Amino acid sequence: MADPDYRAAGGGGAAAFFLLRPSHAEPKVLPPAQYIALEPAFIVNLADTDGVRYLQADVQLQTRDPDTVAAIGLHTPIIRNRLLLLFGQQTSQQLTGRTGKERLQAQALAEVRAVLKAQHAANKVDALLFTSVVIQ
């Protein structure tokens, strides 16, 4: 039968080996976020039937992927077209309050990703941000 002191020392050595060994899994460092402004601002007539109303919105896209930055630059005309069509389908009533704007933001992000995917381009867009929204 082994001496209890040897078992304790062996267990302590094993614990030290596992706790003090260098980790092979370095923490993953994300590249910095990049913001791409879709300029000029979007200005569209809204779909209201009781009067002429419009939406003006400044939009920026966020990504951490350099290939996606390039893809956005290449496909900006298609992206702008799809967003103009989406924005023009809205009514001022739908965009009242935060919930309506967040819903439109989510739909717009999905449109951007769909355009890039359809073009077989990198589509790692993390966010679509409204940096200014005016509804009149």
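**Talking through the fold and its phenylalanines**

Read along the sequence, the protein chain goes α-β-β-α-α-α-β. The model is a predicted one.

Colleague: How many bridges join β2 to β3?

Modeller: Strand β2 covers residues 54-63 and runs antiparallel to β3. Glutamine 56, for one, stands opposite valine 134 in β3. The bridges joining β2 to β3 number 9.

Colleague: What kind of aromatic pair do phenylalanine 42 and phenylalanine 87 form?

Modeller: The ring centres are 5.3 Å apart and the planes sit at 85°. Ring centres within 6.5 Å count as a pair, and planes over 60 degrees apart get their own label. So by that cut-off this pair is edge-to-face.

Colleague: How many residues apart in sequence are the parts that this pair ties together?

Modeller: Phenylalanine 42 lies in strand β1 (residues 34-45), while phenylalanine 87 lies in helix α3 (residues 76-88). The pair therefore ties together parts whose separation in sequence is 45 residues.

Colleague: Is phenylalanine 87 buried or exposed?

Modeller: The cut-off for buried is under 20% relative accessible area. Phenylalanine 42 has 1%, and phenylalanine 87 has 0%. So phenylalanine 87 is buried.

Colleague: Which residues form the aromatic cluster?

Modeller: There are 2 aromatic pairs in the count. One of them is phenylalanine 42 with phenylalanine 87. The cluster is made of Phe42, Phe87 and Phe130.

Colleague: Which residue lies over the face of phenylalanine 42?

Modeller: Look for a side chain 4.2 Å from the ring centre of phenylalanine 42. The one over that face is arginine 80.

Colleague: Of the contacts between residues at least 6 apart, what percentage join residues at least 24 apart?

Modeller: The protein chain has 136 residues, and 26% count as buried. Among contacts between residues at least 6 apart in sequence, the share joining residues at least 24 apart is 70%.

Conventions: Residues numbered from 1 in each chain as written. Predicted model: local features only at pLDDT ≥ 70, side-chain atom pairs only at ≥ 80, totals over all residues. Heavy atoms only, no water. Phe/Tyr/Trp six-rings, centres within 6.5 Å; stacked < 30°, edge-to-face > 60°. Helix = DSSP H or I, 4+ residues; strand = E, 2+ residues; numbered from the N terminus. Buried < 20%, exposed > 50% of the residue type's maximum accessible area, 1.4 Å probe, protein only. Lys NZ or Arg CZ within 6 Å of the ring centre and 35° of its normal. Contact = heavy atoms within 4.5 Å. Pairing = 2+ DSSP bridges.
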